[in-house]
Amino acid sequence: MTFRFDNSYARLPDRFYARQTPVAVASPALIALNHDLARALGLDPDALAERPDIFAGNSLPDGADPLAQAYAGHQFGGWVPQLGDGRAVLLGEILAPDGQRFDMALKGSGQTAFSRRGDGRAWLGPVIREYITSEAMHALGVPTTRALAAVTTGETIWRDQPRPGAVLTRVAASHIRVGTFQYFAAREDTEALRLLTDHLIARHYPHADGPLALLSAIIDRQARLIARWMSLGFIHGVMNTDNMALSGETIDYGPCAFMDGYDPKKVFSSIDQFGRYAYENQPNIALWNLAQLASCLLPLMGEEAPAIEALTDRLNRFPALYEEEWLRLFRAKIGITTPDDGDAELIETFLARMAAQNADFTRTFRGLASGFAANEFADPAPFHAWARDWHQRIAREPYPQAVMRKANPVYIPRNHRVEEAIQAAVQGDFSPFARMNLVLKHPFDDQPGAEPYSLAPLEQEQVRRTFCGT
Ligand code: AMP
Ligand code: MG
């Protein structure tokens, strides 16, 4: 089997990473293989299906140059000067037939130079959560890392209790993070910052002519990305600076979840005690992270005072970019494509009424097109009052139903269904996991027989906390 590798990150100087072969596992067994993605990468899915050893890190594909990347980061606002890939290894960069370049990495592949006190492993739960959620995000149209494969390892690992080990094969535009810049900035390694900037520009922002233009372009992509999350009720859960990818993809599906009932203050993560990464805080946190990035670029920009002014000016554009994209996305969610002044207020009023009754975010929006949105409110009167204004507004729209059906999914990876797939998998039954992946490939299409995946959790099914990927 041929992987077309061209490992540009491995050609950067040694201090960018630690060379690291994945640590072999006892008995790899394939539990999921993403055929569509394999083909997009120019790989033969049937041949791959015979190679769980590759996805477990027991064998290396020809041309791989495995390494653990160095990075730092702010975790929950606290500075950590060295993090790095503690349980992941970048095998290399695949050149796809369409010319695009993708990182292929193993997550859960054993200890590295950056493991600190960790075992370098992942258990089945987070591997399944990341597989389902990242692929669902892709199908929902959100820029994201992808899941190529998942294997179990035949090994038991120790968390709160003994758990089955697993490895995820992650495919990403790249794994360069805000934290990668922070790592070198903290070491006052201006040469490395320059090399990293050039690498990032060449790879993702070829039109940027320097650090300032690079920051602008990154800000633009992040503003759009976070607006997309918000439009789907997605809560990332650990927006640490090491978990913000500069390609503009969603990365690191730890304690993430989609919310059911709409609550702007919603938090799932068991470790997010103060709600730093609550749903409504996500745009603010993104900007905070971008400000950390901006300060890393300062040494590359000549005289300090004007540089600070220019970087600050770019950061100050984030709120408007975000608001603009947010408004565009939420207009579409209520069937509007031709902007009007009152739209933001119409949307805000609707959201406030949903929040007041904790109406299911996904079902309520989808219900606008089917006429069942009122059912999501215990007291439908406030909805009906709003709907009178809304009907008047969309009477001027050419095809609101079609617009809404394309903007509002029927199926999202509901947290209780993700948990169900994990529980079954732990018992050796991978069929709920497989079924869920199939349904979530077409989140906007009503699918016969898939109704359970569109339902909100019953009181006793609700999952209130999710745990970090460790
Ligand atoms: P995360 O919050 O999941 O993005 O991880 C933060 C840091 O902890 C990264 O440097 C990870 O590589 C590291 N880490 C997480 N889990 C483990 C583990 N089981 N073994 C070693 N390092 C880990
Ligand atoms: Mg991470």
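Which residue has a polar backbone atom 3.3 Å from a nitrogen atom of ligand 1? That's R121, and it makes a handy way into this predicted model.

A bit of housekeeping before going on. Residues are numbered from 1 along each chain as its sequence is written, while chains are lettered from A and ligands numbered from 1 in the order in which they are written. In this predicted model, local features need pLDDT of at least 70, side-chain atom pairs count only at pLDDT 80 or more, totals for chains, interfaces and linings use all residues, and side-chain values use heavy atoms, with hydrogens and water left out.

**Ligand 1**

| Residue | Part of the residue | Ligand 1 atom | Distance |
|---|---|---|---|
| R116 | side chain | oxygen | 3.0 Å |
| D119 | side chain | nitrogen | 3.0 Å |
| R121 | backbone | nitrogen | 3.3 Å |

Taken alone, ligand 1 exposes 490 Å², and the protein buries 89% of that (Shrake-Rupley areas, 1.4 Å probe). Around ligand 1 sit 18 residues (a heavy atom within 4 Å), with G84, G86, R87, G120 and N243 the closest. By class, that shell has two nonpolar, eight polar and eight charged residues, where Gly counts as polar and Asp, Glu, Lys and Arg as charged. Domain 1 (9-172) and domain 2 (178-258 + 276-326) each supply at least three residues of the shell; the bounds come from an automatic or database assignment.

**The magnesium ion**

N243 turns up again at ligand 2, the magnesium ion: its OD1 and the OD of D252 are the protein donors, lying 2.1 Å from the ion. Donors here are N, O and S atoms within 2.8 Å of the metal (3.2 Å for Na, K and Ca), and water is not among the atoms, so sites may look incomplete. Both N243 and D252 are buried (under 20% relative accessible area; exposed is over 50%, partly exposed in between; 1.4 Å probe, protein chains only).

V127 is buried at 3% relative accessible area, and E130 is buried at 2%. The E130 side chain makes a polar contact with the side chain of K107, at 2.8 Å.

H204 belongs to helix α6 (residues 190-204) and counts as buried at 11%.

Methods:
A polar contact is a pair of N or O atoms within 3.5 Å; within protein, one must be able to donate a hydrogen and the other to accept it, and residues adjacent in sequence count only if both atoms are side-chain atoms. Helices (H or I, at least four residues) and strands (E, at least two) are DSSP runs, numbered from the N terminus.
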